[in-house]
Amino acid sequence: MTTDPHIPPMEASNEAEPEQLDIARAQGGTYGQALHAMDEESGAVTQRAGDYLVAFVQENAEGMYELQDGLLVWREAPEEANAHLEIAVADAADGRFVPGLDITLTLLEGDRELFTTNMPFLWHPYLYHYGTNARVPGEGPYSVRVTIGPPTFMRHDPVNGKRYEQPVHLVFEDRRFKPGRKPSPEAQPRGDDTSYAG
């Protein structure tokens with residue numbers, strides 16, 4: 001069951017003048033453009049839940065750089081991985097990306113739970129998101145259950161800081177996947193393959 005949506009406060013306070021809140025909304029508008037681009041490229045679906053706007057998309061499994069012993073090393077998606085699952089989370093009031101979240105994703109095929117996995121933060125050239133590679137048995141349809149824990153970071157502002165207090169649950173029903181893998185042979189230096197869920 002999806003948590004009821006709520007719009008957190010965006011009011012002038014001793015920490016935020018109206019013009020500053022407009023700047024925050026402009027930042028959120030730019031992130032919204034990136035979410036729209038993700039939707040056009042990969043067919044993202046979005047829902048409002050709690051204090052968030054949450055988007056989900058499935059793409060091809062892909063490699064990523066990881067810092068190991070002070071050096072960025074490319075970790076290819078393993079041969080078994082055939083999906084990259086992404087969750088993007090924006091504030092429901094200003095639209096800005098919300099960092100530092102503890103996100104868990106569970107994939108179900110009918111009533112059968114395929115796997116549950118943590119979704120770490122991933123840097124991306126145009127869209128910050130949380131994600132992981134996975135192995136799925138086919139195109140689906142799947143149900144995608146997402147839980148966002150209350151973040152532990154401090155919140156400025158006695159008026160606007162009261163947000164993200166409760167855990168949030170979402171279900172994206174009837175999702176069809178396009179399994180595949182996106183190798184990157186030119187990325188160097190190379191390390192072990194990434195881990196994957198499934």
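Is D69 buried or exposed? In this predicted model, in which residues are numbered from 1 along each chain as its sequence is written, local features require a pLDDT of at least 70, side-chain atom pairs count only at pLDDT 80 or more, and totals for chains, interfaces and linings use all residues. Side-chain values use heavy atoms, with hydrogens and water left out. D69 is exposed, with a relative accessible area of 87%, where exposed means over 50%, buried under 20% and partly exposed in between, for a 1.4 Å probe and protein chains only. The residue lies in the loop between β4 (64-68) and β5 (71-75) and has a positive phi of about 55° although it is not a glycine.

The secondary structure of the protein comes to 1 helix and 13 strands, these being DSSP runs numbered from the N terminus (helices H or I, at least four residues; strands E, at least two). Buried residues make up 45% of the 198 residues. Of the contacts with a separation of 6 or more, 73% are between residues 24 or more positions apart, contact meaning heavy atoms within 4.5 Å.

A search of the whole structure finds 12 aromatic pairs, a pair being rings of Phe, Tyr and Trp (its six-membered ring) with centres within 6.5 Å, and planes under 30 degrees apart counting as stacked, over 60 as edge-to-face and the rest as tilted. The rings of Y52 and Y164 have their centres 5.2 Å apart and their planes at 10°, so this pair is stacked. Because Y52 lies in strand β2 (residues 52-59) and Y164 in the loop between β11 (142-148) and β12 (168-175), the pair ties together parts that are 112 residues apart in sequence. Both residues are buried, Y164 with a relative accessible area of 9%, and Y164 also has a positive phi of about 60° although it is not a glycine. Elsewhere, Y31, F97, F121, Y128 and Y130 form one aromatic cluster.

The largest share of the lining, 5 residues, comes from helix α1 (residues 18-42).

Among the strand residues, E86 in strand β6 (residues 83-91) is buried, with a relative accessible area of 3%. E86 and F56 are 30 residues apart in sequence and 5.7 Å apart in space, C-alpha to C-alpha. T117, in strand β8 (residues 112-118), is likewise buried, with a relative accessible area of 13%.

Cis peptide bonds join G140 and P141, with omega about 15°, and Q188 and P189, with omega about -10°.
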